[in-house]
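Biologist: I would like to go through this model term by term. For each label, please give the value and the cut-off behind it.

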Amino acid sequence: IEEANSGAVALEKLRTHRFDLTLMDMVMPEMDGMEVTQILRRDFPAPNCQMPVLALTASANPVDQDRCIASGMNDVVHKPLDEQQLFSKISNALAAHAAWSDA
């Protein structure tokens, strides 16, 4: 488990480490999570660019959820975090990624 306190730091960690999944905050300093995800999807080589990304947001606005999905995020988890929902979404994202990778 790694933590990044800004979008730029998140990108650097994504460049230097391989992760199974990323929990990406929608709002971060320097660049937001949607921009980081777009760069990940567009500029990183496989398999890193295909890693599941779950958005974290306090926004209940459906437009923000749509923006996260449009940026390449796989799903959205709302704050405050519901532990059961978080674990379920992580499990679903990893299972879908594994099924897609095996196809």
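**Reading the labels**

Modeller: Start with Met-28, which touches Ser-6, Gly-7, Gly-33 and Val-36, leaving aside residues up to four places away in sequence. Keep in mind that the model is predicted.

Biologist: What makes these residues contacts of Met-28?

Modeller: Contact means heavy atoms within 4.5 Å. Ser-6, Gly-7, Gly-33 and Val-36 are listed as touching Met-28, and Met-28 itself sits in the loop between β1 and α2. Arg-15 is 13 residues from Met-28 in sequence, and their C-alpha atoms are 18 Å apart.

Biologist: Why is Met-28 called buried?

Modeller: Its relative accessible area is 16%. Buried means under 20%, so Met-28 counts as buried.

Biologist: And why is Glu-30 called exposed?

Modeller: Glu-30 has a relative accessible area of 65%. Exposed means over 50%, so the label applies to Glu-30. Glu-30 is also in the loop between β1 and α2.

Biologist: What about the backbone of Glu-30?

Modeller: Its phi is positive, about 75°, although Glu-30 is not a glycine.

Biologist: A charged residue next. Is Lys-89 buried or exposed?

Modeller: Lys-89 is buried, with a relative accessible area of 18%, and the cut-off for buried is under 20%. Lys-89 lies in helix α4, residues 83-102. Setting aside residues up to four places away in sequence, Lys-89 touches Leu-54, Asp-75, Val-76 and Val-77.

Biologist: How do you know how many disulfides there are?

Modeller: A search of the whole structure finds 0 disulfides. A disulfide needs two cysteine sulfur atoms within 2.5 Å. The closest cysteine sulfur to that of Cys-49 is in Cys-68, 19 Å away, so the two are too far apart for a bond. Cys-68 is likewise in no disulfide.

Biologist: Are Cys-49 and Cys-68 buried or exposed?

Modeller: Cys-49 has 15% relative accessibility and Cys-68 has 0%. Buried means under 20%, so Cys-49 is buried and so is Cys-68.

Biologist: Which residues touch the most other members of the largest nonpolar core?

Modeller: That core has 19 residues, and Leu-14, Met-24, Val-36, Phe-44, Cys-68 and Met-73 touch the most other members. At least two of its residues come from each of α1, α2 and β2, and α2 supplies the largest share, 4 residues.

Biologist: What makes a group of residues a nonpolar core?

Modeller: Its members must be buried residues of the listed nonpolar kinds, joined through side-chain atoms within 4.5 Å. Cys-68 shows the burial part, with a relative accessible area of 0%. In soluble globular proteins, nonpolar side chains tend to be buried together.

Biologist: What does Val-36 touch?

Modeller: Val-36 touches Gly-7, Ala-10, Leu-11, Leu-14, Met-24, Met-28 and Met-31, not counting residues up to four places away in sequence.

Biologist: What is the volume of the largest pocket, and how many residues line it?

Modeller: The volume is about 520 Å³. The lining has 17 residues, and Glu-2, Glu-3, Leu-21, Thr-22 and Leu-23 lie nearest the centre of the pocket. α1 (7-16) and β1 (22-25) are the elements that give two or more residues to that lining, and β1 gives the most, 4 residues. By kind, the lining divides into 11 nonpolar, 1 polar and 5 charged residues.

Biologist: What does Asn-48 touch?

Modeller: Asn-48, in the loop between α2 and β2, touches Leu-14, His-17, Arg-18 and Leu-40, again not counting residues up to four places away in sequence. Asn-48 and Leu-21 are 27 residues apart along the chain, and their C-alpha atoms are separated by 9.6 Å.

Methods:
Residues numbered from 1 in each chain as written. Predicted model: local features only at pLDDT ≥ 70, side-chain atom pairs only at ≥ 80, totals over all residues. Heavy atoms only, no water. Buried < 20%, exposed > 50% of the residue type's maximum accessible area, 1.4 Å probe, protein only. 1 Å grid on protein atoms, 1.4 Å probe; cavity = no way out; pocket = protein on both sides within 12 Å on 5 of 7 lines; lining within 4 Å. Points joined across faces, edges and corners; volume = space filled by probe spheres on them. Nonpolar A, V, L, I, M, F, W, Y, C, P; charged D, E, K, R; others polar.
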